[in-house]
Amino acid sequence: MFWSLFSATSMISSIFFILVFSFLILRSFRKTSTLHILNKWWFSFENRFHVYQSFKVPLYNQNFQENQLYRKIITYLDSLHSVQDSDFTNLFSGDNPSDIFFQLDANQVVDDTFLGAKLRWVKHAVATVGGDSDSAALVLRIKKRDKRMIFLQYFQHVLSVADEIEQRRKEIKLFINTGAGETSRWRSVPFNHPASFETVVMDNELKNKVKSDLEQFLKSKHYYHRLGRVWKRSYLLYGSSGTGKSSFIAAMAKFLNYDVYDIDNSKVTNGSDWKTLLMQTTTKSMIVIEDLDRLLSSKSTAVNGSISSVLNFMDGVVSCCGEERVMVFTMNGSKDEVDETVLRPGRVDVHIHFPLCDFSTFKILANSYLGLKEHKLFPQVEEVFSQTGPRLSPAEVGEIMISNRNSPSRALKTVIAALQVQSNGRLNGRGSGQISYDRPEPAAVICRESVHTVREFKKLYGLFSLGSRKKDGSNYTGPIEKEASRNSGWFDKKD
């Protein structure tokens, strides 16, 4: 009895010692190849109790064309934490040197989980037909019982995540249409416009509501399809030149991360040509048609056919080719001058008015351009605005501030003088910026614009520039071309 009890105690002690020793070994080698070998053994042991299926995703198809699914899966796998936390992986920089990306190495194993199922990916290097070079293939290993339950949902998840990642990383391009005789109707250049919603001078409440509208559009694909509508959105930006419409378009494109298709009306020959151009645009793009009021006022037969094609693309049968696109129209005049049927609901969803510079916009510009939150001349500037009303565009005020940025007091005095000159040469309506959805309401505030007396302003502005050069010895020779426009306004949502 004593020896039996002693033997049992010895056995328990031995088992306890083995467990403690194994634990210490695993703990000391958890980040080494030893742990990898143990995991491999455990995986092999587990395999004996399950039936697995393997699926191969080659880099190239039978016609030696790149397999798009392979690229999507690689993008997805490179984003997994299991790759970032692995003992070895590749690091690459993107177009922006500050962006660092992880990338799988050849024969690297990546484990993933989805809805409770475990999946294993292996990136293999395989010889091509000629044997001269290597190309990659991905192999997915999944249990048969899990494959029946999650296979399709898993790949939908992979593609969705990959699309989001590629959309964030992609370089925005500006496409410009060429003449009808050209081989390619669209030519592209990198879109490097510096404007963004952070730099656009606009009332914060209005800006946030525009951003919210764009964000909601991006997430509304299934909602639109459930309603039987094409997933697209259209905006009308109207107001005098220099009020910030072009900068706002750039900010929208960068916020959406959409390519921009800027259509040159002079290079479109007829309605069929318009239709061809519009149908050749890609998804996740912004189509810009400028000077819509001038296009509509033309008496040309070719232009009238073009207008018909544009309207059909907005809400006609061919509008189905405009899926996942944003259309932006601009006008330098009042929208009252345009036929209501052109701007009716379904064709133009959002109307945004860009007014001339008022005192609130002036203060935003002074803060951005001159770093002034307050100044002793602000009360005088406000009084002039109250007497004259808005007389200058944000671009004109911004140009004055740029050329006098070394002397804020001189910049403010120049703005005061310019407003007084303009008040003697032009009648201008008053109002605030407006967004309206779907259709105008009777209470909508519309600002009536008129033509600048540019000659008087340039004459006065030249005198100030000349005086400033003599005073401070600067080498300034003239206005900076096409300074980014700014505006402010208020928001009014239509039901």
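Asp-291 lies in the loop that joins strand 11 (285–289) to helix 10 (292–297), helices (H or I, at least four residues) and strands (E, at least two) being DSSP runs numbered from the N terminus. The phi angle of Asp-291 is near 55 degrees, a positive value in a residue other than glycine. Glu-324, found in the loop between helix 11 (301–315) and strand 12 (325–331), likewise has a positive phi, near 55 degrees, and is not a glycine. Glu-324 counts as buried at 12% relative accessibility, where buried means under 20% relative accessible area, exposed over 50%, and partly exposed in between, computed with a 1.4 Å probe on protein chains only.

The model is predicted, so that local features need pLDDT of at least 70 and side-chain atom pairs count only at pLDDT 80 or more, whereas totals for chains, interfaces and linings use all residues. Residues are numbered from 1 along each chain as its sequence is written, and side-chain values use heavy atoms, with hydrogens and water left out.

The protein chain contains 16 helices and 14 strands, and buried residues make up 44% of its 495 residues. Of the contacts in the protein chain with a separation of 6 or more, 72% are accounted for by residues 24 or more positions apart, contact meaning heavy atoms within 4.5 Å.

Helix 5 (residues 144–169) has 26 residues and, at 1.5 Å a residue, should span 38 Å, which agrees with the 35 Å between its end C-alpha atoms; the expected span is 1.5 Å times one less than the number of residues. A kink of about 65 degrees is centred on Ile-150 in helix 5, the bend at a residue being the angle between axes fitted to the seven residues ending there and the seven starting there. Ile-150 is also one of the buried residues of helix 5, which include Asp-146, Tyr-154, Phe-155 and Gln-167.

Phe-155 and Phe-151 are among the residues touched by Leu-140, which is placed in strand 6 (residues 134–143) and is buried, with a relative accessible area of 0%. When residues up to four places away in sequence are not counted, Leu-140 also touches Gln-53, Ser-54, Phe-55, Leu-119, Arg-120 and Trp-121. The C-alpha atoms of Leu-140 and Arg-120 are separated by 5.8 Å, although the two residues are 20 apart along the chain. In strand 9 (residues 232–238), Ser-234 is buried with a relative accessible area of 2%.

The axes of helix 12 (residues 359–370) and helix 14 (residues 394–403) come within 10 Å and cross at roughly 35 degrees; axes are lines fitted to C-alpha atoms, for helices over the stretch in contact, and angles run from 0 to 180 degrees between N-to-C directions. The contact is made by Thr-361, Phe-362, Leu-365, Ala-366, Tyr-369 and Leu-370 of helix 12 and by Pro-394, Val-397, Gly-398, Met-401 and Ile-402 of helix 14. Helix 14 is largely enclosed by the rest of the structure, because 10 of its 10 residues are buried, among them Glu-396 and Glu-399. By contrast, Ser-386 in helix 13 (residues 378–388) is partly exposed, with a relative accessible area of 49%; Ser-386 and Phe-359 are 8.4 Å apart in space, C-alpha to C-alpha, and 27 residues apart in sequence.
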